Amino acid sequence: MGLALHCIANVGSREMAEAFAGEIPKILVAGDTMDSAKQSAALCLLRLYRTSPDVVPMGEWTSRVIYLLNDQHLLVSSASADLQDYTYYFVPAPWLSVKLLQLLQCYPPPEDPAIRGRLTECLETILNKAQEPPKSKKVQHSNVKNAVLFEAISLIIHHDSEPNLLVRACNQLGQFLQHRETNLRYLALESMWLLASSEFSHEAVKAHIETVINALKTERDVSVRQRAVDLLYGMCDRSNAQQIVAEMLNYLENADYSIREEIVLKIAILAERYAVDYTWYVDTILNLIRIAGDYVSEEVWYRVIQIVVSRDHVQGYAAKTVFEATVLEEMPPFPERESSILNKLKKKKESSSLANVEVVKKEQNADVNGSSEPTVLHPMVCDSE
């Protein structure tokens with residue numbers, strides 16, 4: 001039977017699903033089936049379900065399959081050893097714990113107060129265990145301990161209904177932001193980005209802003225820096241918008257080209273969303289154009305024009321600032337890639353200046369050659385356009 005189940009799973013075709021989808025669940029839930037056969041049947045059924053979910057009738061078998069999670073042997077539920085005695089580097093059944101926590105994330109929070117209280121108690125226990133001193137210096141111990149912790153935090157974020165758990169999760173993630181392991185720093189930033197969207201934990205996330213900014217400045221791994229940018233974007237509000245936008249602009253000057261356009265878009269969105277003072281908004285967008293050049297899409301500066309045109313009180317300041325940036329050249333272009341917007345304006349200025357020089361030269365030559373007509377300098381006239 002075991003070999004037959006393995007063969008069906010390895011082939012895993014739609015034809016196999018149509019032929020055996022009705023028989024394999026019966027083997028899985030039968031009381032006289034050996035544990036090893038149950039394990040093979042569960043894996044085979046999973047394979048067929050992933051291949052042809054419309055063929056495998058899981059609806060009528062779901063409740064009976066879930067009952068197997070209470071089996072005293074992990075061989076059935078997690079393909080391992082006995083549940084009551086099994087520990088891995090001082091962590092009880094970590095792989096089963098991770099799978100169960102992942103399974104719970106497929107469902108909404110329980111409505112029954114008793115079940116919800118029991119689940120909250122379990123999650124608090126996991127958070128408390130994570131705070132205890134390590135029982136082993138082996139890397140395997142910390143790996144499985146953190147695996148269970150991060151899945152528990154993912155479940156807390158998924159439910160988004162227990163303020164105390166959300167704040168505790170945020171505080172414990174904050175301890176990983178400066179961890180020596182790059183993967184843990186990455187996972188902490190990613191989870192905190194999810195927490196930043198919750199009304200219960202947003203303020204707790206903001207408390208770590210200096211640590212996140214420091215990661216943006218000092219982190220060597222580009223993927224971790226990208227998660228730091230995402231977290232800064234997620235935690236931004238009116239109280240810290242100017243600080244976060246300034247830090248993102250500083251980072252943009254040395255950011256990798258692959259993510260520069262995304263950062264530009266984030267800065268433009270934050271600047272518009274939290275612009276209490278529109279002079280700051282104009283300065284920010286012009287600085288963005290100066291730094292990022294053609295990485296600033298047309299939609300961004302079209303939006304700037306719309307905002308300025310619709311607000312009379314900022315039009316004079318915007319015109320003066322653009323004039324200084326383009327004509328007086330007080331804002332040097334990004335050295336590697338000059339903005340096409342500023343470049344077009346500068347070319348107009350340069351072509352007009354060259355035209356003036358040519359007129360003056362011609363008039364001077366006419367005087368030297370003894371021209372009887374007086375020299376008249378005409379002011380530069382702009383095109384009617």
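Modeller: What follows starts at the cavity, moves to the helices, and ends with the loop and the cysteines. Keep in mind that this is a predicted model.

Start with the search itself. Over the whole structure, 1 cavity of 30 Å³ or more turns up. The volume of this largest cavity is about 100 Å³. Its lining has 13 residues, and those closest to the centre are Thr 120, Leu 123, His 159, Ser 161 and Glu 162. Two elements give two or more residues each to the lining: helix H8 (113-131) and helix H9 (139-159). H8 gives the most, with 4 residues. By type, the lining divides into 7 nonpolar, 3 polar and 3 charged residues.

Is Leu 101 buried or exposed? Leu 101 has a relative accessible area of 8%, so it is buried.

Helix H11 covers residues 182-195. Buried residues of H11 pack against H9, helix H10 (163-174), helix H12 (202-206), helix H13 (209-218) and helix H14 (222-235). Which residues of H11 are buried? They are Leu 184, Arg 185, Ala 188, Leu 189, Ser 191, Met 192 and Leu 195. Note the arginine and the serine in that list.

H13 and H14 lead on to the next helix. H15 runs over residues 241-252. Its buried residues pack against H13, H14, helix H16 (257-273) and helix H17 (278-292). The buried set in H15 is Ala 241, Ile 244, Val 245, Glu 247, Met 248, Leu 249, Tyr 251 and Leu 252. A glutamate and a tyrosine are among them. Apply the length check again. The 12 residues of H15 should span 16 Å at 1.5 Å a residue, and the end C-alpha atoms lie 16 Å apart, so expectation and model agree.

Step back to the whole chain. It has 20 helices and 2 strands. Of its 385 residues, 38% are buried. Among contacts with a separation of 6 or more, 61% are between residues 24 or more positions apart.

Strand E1 (87-88) and strand E2 (91-92) have Tyr 89 in the loop between them. Phe 90 lies in that loop as well, between E1 and E2. Most residues other than glycine have a negative phi. Tyr 89 has a positive phi of about 50°, although it is not a glycine. For Phe 90, phi is positive too, near 70°. How accessible is Tyr 89? Its relative accessibility is 31%, so Tyr 89 counts as partly exposed. Phe 90 has a relative accessible area of 52%, so it is exposed.

At 10% relative accessibility, Ser 40 counts as buried. Apart from neighbours within four places in sequence, its contacts are Leu 5 and His 6.

Last, the cysteines. How many disulfides are there? The count comes to 0. Take Cys 44 as a case. Its closest cysteine sulfur is in Cys 7, 9.3 Å away, so the pair is too far apart for a bond. The cut-off for a disulfide is 2.5 Å between sulfur atoms. Cys 44 has a relative accessible area of 0%, so it is buried. Cys 106, by contrast, is exposed, with a relative accessible area of 60%.

How values were computed:
Residues are numbered from 1 along each chain as its sequence is written. This is a predicted model: local features need pLDDT of at least 70, side-chain atom pairs count only at pLDDT 80 or more; totals for chains, interfaces and linings use all residues. Side-chain values use heavy atoms; hydrogens and water are left out. On a 1 Å grid over the protein atoms alone, a cavity is a set of points where a 1.4 Å probe fits but cannot get out, and a pocket is an open set with protein on both sides within 12 Å along at least five of seven lines; lining residues have an atom within 4 Å of a point. Grid points are joined across faces, edges and corners, and a volume is the space filled by probe spheres set on the points. Ala, Val, Leu, Ile, Met, Phe, Trp, Tyr, Cys and Pro count as nonpolar, Asp, Glu, Lys and Arg as charged, and the others, Gly among them, as polar. Buried means under 20% relative accessible area, exposed over 50%, partly exposed in between (1.4 Å probe, protein chains only). The expected span of a helix is 1.5 Å times one less than its number of residues. Contact means heavy atoms within 4.5 Å.
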